[in-house]
Each structure stands twice: as C-alpha cells, then as structure tokens.
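The sequence and structure come first.

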Amino acid sequence: MIWLGLDTANAPLSVALVRDGELLVELNSAMGLNHSAGAMPAVEQLFKRAGIQPADIDAIAVSEGPGSYTGVRIGVTIAKTLAWTLDKPLVGVSSLRVLASNIFTYGVTISPLIDARRGNVYAGLYRRQEDGTLECLMEDRHMALSDLLGRLKKEGNPVVFVGEGARKNEEALKEALGELGRRAHFTQDLPRAALLITEAQHAEHDAVHAFAPEYRRITEAEANWRKANGEAREK
Amino acid sequence: MNDIHILGIETSCDETAASVVKNGREILSNVVASQIESQKKFGGVVPEVASRLHVEQITLVIEEAMEQAGLQPEDLDAVAVTEGPGLVGALLIGVNAAKAFAFANGLPLIGVHHIAGHVYANRLDGGMEFPLVALIISGGHTELVYMERDGSFELIGETRDDAAGEAYDKVARVLGLPYPGGPHIDRLAHEADDAVEFPRARLEEGSYDFSFSGLKSAVINHVHNVRQKGQEVDTASVAAGFQESVIDVVVEKTVRAAKEKGVRQVIAAGGVSANKGLRAALGKALEKEGIRFSVPPLNLCTDNAAMIAAAGTSMYEADIRSDMALNGRPGMELLSWSMK
Ligand SMILES: [Zn+2]
C-alpha cells in the first residue's frame, strides 16, 4: 500500500511517499516557497525519485488546516483532485496534529502552535499515548495566545511547544510557563508528510467532492455580515 | 486529422467552471457553478469567499463536465486552465486542480489568458474571420484588441480607470439596485420614457482608450442633487442616460477602430457584451458599415470554461505548453501565441 502525503498548510512544504510503513521519498523545505507554483513540481519530483506512476498510489493524505488560507487550499485542491481522478481514498489530517506528531515523548501535553497574528494562534492540545497514538486533549481552534497560556498554567502539566508559532512567541511562552514549558527542537517545528501519513492511517476516509479545508475561522466578510445583521435584529 | 478534445477549467472570479470542447469549436459540455447566490448578501464578490467556494465545487464541476461529454481522461488531448488575470486566490484553485488532473493523467497543460478565452468564445458560435477587432467589455475589462490572425493580439485601446462593468455595478448600487447591477440597468434603460443627459468621455482626438469614472461621478452627483432637493430619483431615466453615454462612446470607438483596421469582423466578448442595448447599437452601426458583428449567446458571454478550452485549442495547435510550475497570474498580460 502506497500513500502520498502533502502538507502546504503554512509556509513550509512537505511531501512524501510511504510504502507499507517504509519511507520512500520525502521532500521538506521551510523557505523560498510559493505553494501554488511549487507544490505540484515537488509532487512530480517525488514520483520521479520513487520511480512510480501516479496511478500506483493507493491513498492520499493531506494537511487540512488550520493555517494559511491560501496554503491550505492549495494542498486540499491538489489532494482532492488527485483522489477524485485516480479514484483513491482521501484522508484529511489537522495541520496542528501533524506538528504534534513530531513529538514522541509520552505523557507531556503537546502544544502545536501556528501564529495567527495580533496575539492570536491556531492551537490544539495533544498527548502521545503509550501505544504510540496521539490523543487530542483540546480540539483545534483560533484563540488568543494568552487564553491558551492561562489554561496551560492552570492545568500545571509539563508542556512541549512545537511549530513555527512556538518559535515566534518564544518569549511569551517562557514568561507564562517558566520551567513547566519546553521548546521542541527546531527541526521539529516543520511538518513532516511521512508523519502526516502515519496519522492518516488511523483516521477515517473523507468524502472527496465535499472535502474542504478546516479553516477554524469564518471569513471577515461573513463575520461583518453577521454582526450587521445581528445588530439589525436587535433594533 | 485527429479530433482534439480539450478540458477547460476557469476559476478567475466567482464562477467555478469546466468544459470539454472538441476541435475548438464544438461544445461537448459546459458546466458553470455560479457563486452569485452566496455572494449576494455581501453586495459583491468577496475574494476569500470566492476562493473557499471554488475549493468546494472544483472536482464536482470537472466530473460533471467529463460525464456530460461522455469522455474518460485518456480521451483528452490536453487540459487548459485560466492562468490570469483575475483574483489570485480564485485563480490558483483552478490552476492547481488543472495541474493535479494533468499530472495524474499524463496530459499536457496549457495556461490560458482569460480575455483570450472571451474572444475565442466566438469560435464556439459562428466562428472568427480575420482580421478582426474584439471589444472586450466586462466587470474587469474594457479593451479593444486587433487580431490580424489566429493567436495574435494587439491592444489598441483600454480603460484608463474603471472598467465598464465596474461603472455599471457602482451606478446600480447608487440607484439601490440589487447585485449584480448590470442586467437591472439594462432592463430599466429599456423601460425608461426619457433619459437624463450625462457627459460622454471621448478623450483626445483619435484615442481608442476609455474612461468611465467621470460618467460614474456625474451619475452619483445627479442622484445626490435630486435627493437633496427632497425629490424622488427617476431610476429608469438615470439608468437610460448612463447606459446611453456608455454605449455611445463604446460604439463610436469600436466602429472607428474596425474601419481604420479594415477588418472583416467585430466580435464582442465579456459579461457586459450580454447587454441588450449595447448589442443592438453595435449591431446597427456595424451593419451600416458592412462589417460582420458577432456576439456569442449569453452563456458564452459570461465567464465559462468552454471559452478557455476554445482558446486552449488554438494554443495547443500552436504547440504552447505549460509545466507543473504554472501559477495563477492576477495581472497577466494578453500576449500573442502565434509567431507567423
Ligand atoms: Zn470574464
């Protein structure tokens, strides 16, 4: 069974081919990327190096967000188009879960972070179980970093922060949690498509046509519309 | 000669569209999922909303186009997709879907200019006779293009500010008409008993360029003045006056360009070419000059993918290909692909 994995949810790119638990090829980069132009050439490169054809794969895993709206859409569009035209199952995995899966320490709270500007983050909380699986402790959401840190401080468990959002907010994390919080190694801040595939193997298949990103935020236009119409009703 | 079957994909604005065209002329399928209903409440196209909807619709629309055409991917010769211009976030959904589809099925990929698509929509209905002048008139464009032959474009006039369709939408908003406003103004203009007199922006002698911002301001000022006096605005006569001013200028410049270039045909393209008043006036003026006037049926005037497949077929025949690095280009220029 061959899996294709694709993560373009944020600035980094990771694509991988995994056959029966064996990594064939993985391409990772954190810099100088334009996913719209670069994601498909990376996928093309992947197949070339593995020496297989698109039709040889058996399933597709994609990072479904949250993250950069545009980045997530590119990955999802490529993945669902491939899954539909090749008639292969498609599995979407949280981009925060993919970051969390870089951490193999048991017991600690894993806090993957994606920066969402103005003091906000996309965050979820995870924990590595003894059987190796990742348990979700708090569903992915868009929230104020200060709210997340308040919650973690109150819980009082050791926390590992991972992801580019952790790097960007390093000072705030240290200040809020002190000894309780630790930073992952910088190499673990990048999503790994091979681990995305591992996570996808535990998840249910998604309906291909209806598959859409998990933005975890409504659009600004929708928010404004709701506000205006909510106010109109109150009058 | 073997038949050429091309799948076209178009997502440059708020229509998710796919189509299969045979030999650049015969439409086998033409599927358009419009977002107008979803965008209505925002009073215009919100780019982020458009991008989200494209992702949700894209594979369904392509599947529908393939099924209606009764073809399998291996029956296709290439995939043509709108590369630009348009909303960048919307363009790249079509571009990436097209790339993934082409890659998965080992098909050549062709990036198409949206406006070239509008022009080649005429191939799907009655054909193109060169040399010709194309009037491209839509929410994003007001351009006069001279085509000496298949695949060659020379821009001879363009708008210096608003596109005609943009002016239509803004005037419609001032008049309190629902979005999109163009068809409402067209309808009201026909119902009007008289027309308010608005200026014509002809610009300097001999120019083929357009300008609609002055006209738009004149309409807005007129409406405000009437309202300030506590009077009711006669919406129909304002619509009629605005439309007359647009049509007058557009027809005069188009006919002058056609005569000067000595063309055999004038074609109209783009959403505003669906405007009944414009069609009638252009048709009449060109008939007088003995120049053939073509404008495709409504469903080929507004954004669709059949036109992208039609232009893509001409490019395919000229051996134009894109690779997997193809990207959405919001400000793409219209360039010739024929070197002859
Ligand atoms: Zn258009």
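How many salt bridges does the rule find across the interface of chain A and chain B? The rule finds two, a salt bridge being a side-chain nitrogen of Lys or Arg within 4 Å of a carboxyl oxygen of Asp or Glu.

The model is predicted: local features need pLDDT of at least 70, side-chain atom pairs count only at pLDDT 80 or more, and totals for chains, interfaces and linings use all residues. Residues are numbered from 1 along each chain as its sequence is written, chains are lettered from A and ligands numbered from 1 in the order in which they are written, and side-chain values use heavy atoms, with hydrogens and water left out.

**Interfaces**

The size of an interface is often given as the accessible area lost when the parts come together. Here, buried area is the accessible area (1.4 Å probe) that two parts lose on being put together, summed over both. The domain bounds used below come from an automatic or database domain assignment, which divides chain A into domain 1 (2-94 + 191-219) and domain 2 (96-188).

| Interface | Buried area | Share on carbon and sulfur atoms |
|---|---|---|
| Chain A and chain B | about 2,800 Å² | 66% |
| Domain 1 of chain A and domain 2 of chain A | about 1,400 Å² | 57% |

Between the chains, 35 residues of chain A are in contact with 30 residues of chain B, where contact means heavy atoms within 4.5 Å. A:Arg73, A:Trp84 and A:His209 supply 21% of the area that chain A buries against chain B, more than any other three residues. A:Arg73 also forms a salt bridge with B:Glu48, with the closest N and O atoms 2.9 Å apart. Twelve residue pairs, both members at pLDDT 80 or more, are in polar contact between chain A and chain B. A polar contact is a pair of N or O atoms within 3.5 Å; within protein, one must be able to donate a hydrogen and the other to accept it, and residues adjacent in sequence count only if both atoms are side-chain atoms.

Within chain A, the centres of domain 1 and domain 2, taken over C-alpha atoms, are separated by 23 Å. Each domain contributes to their contact: 17 residues from domain 1 of chain A and 17 residues from domain 2 of chain A. A:Ser94, A:Glu199 and A:Arg216 supply 39% of the area that domain 1 of chain A buries against domain 2 of chain A, more than any other three residues. Two salt bridges are counted between these domains. The side chains of A:Glu139 and A:Arg216 meet in a salt bridge at 3.0 Å, N to O.

**Strand pairing in chain B**

Helices (H or I, at least four residues) and strands (E, at least two) are DSSP runs, numbered from the N terminus; two strands pair if DSSP finds at least two bridges between them. In chain B, five strands form an open sheet of mixed pairing, in the order E3-E2-E1-E4-E5. Its edge strands are E3 (26-34) and E5 (109-113) of chain B, each of which pairs on one side only.

Strand E1 (residues 5-10) and strand E2 (residues 15-22) of chain B pair in the antiparallel sense over six bridges. In this pairing B:Ile9 stands opposite B:Ala18 of E2(B).

Strands E7 (residues 142-147) and E8 (residues 154-158) of chain B are also antiparallel, paired over four bridges. B:Leu144 has B:Gly157 in E8(B) as its bridge partner. Six residues lie between E7(B) and E8(B) in this hairpin, and B:Gly151 in the turn has a positive phi of about 85°.
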